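Try each task on your own, then compare your steps with the solution.

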Amino acid sequence: CIGPILAAISCNYRKQMGYPDIIHVGARVSRLGRTSMTMHHAVYSEKLQAIAADGDSVIVVFNYDLQKPVRIPDDIRQAMERLEGKKLED
């Protein structure tokens with residue numbers, strides 16, 4: 001069974017949010033490696049009109065049967081690059 005596994009995550013809290021608020025969460029792939037990808041995330045507060053938090057995560061493509069990372073499949077790599085509108089490399 002091959003799937004994603006979270007290897008690392010960071011979060012920078014930039015502004016304090018309160019209730020009620022409407023927030024928007026965005027994510028983009030910023031790097032594709034051989035077996036992992038880095039994603040950048042942001043949380044935007046409508047009330048503050050600002051980014052309230054942002055961060056990065058590293059996701060590894062993992063073979064759960066063999067318990068080891070595997071190469072990102074070409075179809076996944078191509079889909080990420082189409083989604084981002086550019087070539088993503090180390």
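**Exercise 1. Lysine 87 and its partner**

Work out whether lysine 87 is buried or exposed, and find which residue its side chain meets in a salt bridge.

*Solution.* Keep in mind that this is a predicted model.
Step 1: Lysine 87 has a relative accessible area of 58%. Exposed means over 50%, so lysine 87 counts as exposed.
Step 2: Its side chain meets that of glutamate 81 in a salt bridge, at 3.8 Å from N to O.
Step 3: Now turn to the partner. Glutamate 81 has 13% relative accessibility; buried means under 20%, so glutamate 81 is buried.

**Exercise 2. The other salt bridges**

How many salt bridges does the structure hold? Describe the one formed by aspartate 54 and the one formed by arginine 71.

*Solution.* 
Step 1: The count is three.
Step 2: Aspartate 54 pairs with arginine 14, with 3.1 Å between N and O. This pair links distant parts of the chain, 40 residues apart: aspartate 54 sits in strand β4, and arginine 14 in the loop between β1 (2-13) and β2.
Step 3: Check the burial of each. Aspartate 54 is buried at 14% relative accessible area, whereas arginine 14 is exposed at 52%.
Step 4: Arginine 71 bridges to aspartate 74, and their closest N and O atoms are 2.8 Å apart. Here arginine 71 is partly exposed at 42%, and aspartate 74 is partly exposed at 43%.

**Exercise 3. Methionine 80 and the core**

*Solution.* 
Step 1: List the core. Its ten residues are Val29, Leu32, Met37, Met39, Ile59, Val61, Val70, Ile72, Met80 and Leu88.
Step 2: Ask which elements give two or more residues to this core; they are β2 (23-32), β3 (36-45) and β4 (50-63).
Step 3: Setting aside neighbours within four places in sequence, methionine 80 is in contact with Val29, Leu32, Met37 and Leu88.

**Exercise 4. Threonine 38**

Locate threonine 38, decide whether it is buried or exposed, and list its contacts beyond four places in sequence.

*Solution.* 
Step 1: Threonine 38 is in strand β3.
Step 2: Its relative accessible area is 14%, so with a limit of under 20% threonine 38 is buried.
Step 3: Its contacts, leaving out neighbours within four places, are Arg28, Val29, Ser30, Arg31, Ser57 and Val58.

**Exercise 5. An aromatic pair**

What is the geometry of the pair formed by phenylalanine 62 and tyrosine 64?

*Solution.* 
Step 1: A search of the whole structure turns up one aromatic pair, made by phenylalanine 62 and tyrosine 64 with 5.1 Å from centre to centre.
Step 2: The planes are 75 degrees apart; over 60 counts as edge-to-face, so that is the label for this pair.
Step 3: Phenylalanine 62 is buried at 12% relative accessibility, while tyrosine 64 is partly exposed at 33%.

Note on methods. Residues numbered from 1 in each chain as written. Predicted model: local features only at pLDDT ≥ 70, side-chain atom pairs only at ≥ 80, totals over all residues. Heavy atoms only, no water. Core = buried A, V, L, I, M, F, W, Y, C linked by side-chain atoms within 4.5 Å. Buried < 20%, exposed > 50% of the residue type's maximum accessible area, 1.4 Å probe, protein only. Contact = heavy atoms within 4.5 Å. Salt bridge = Lys/Arg side-chain N within 4 Å of Asp/Glu carboxyl O. Phe/Tyr/Trp six-rings, centres within 6.5 Å; stacked < 30°, edge-to-face > 60°.
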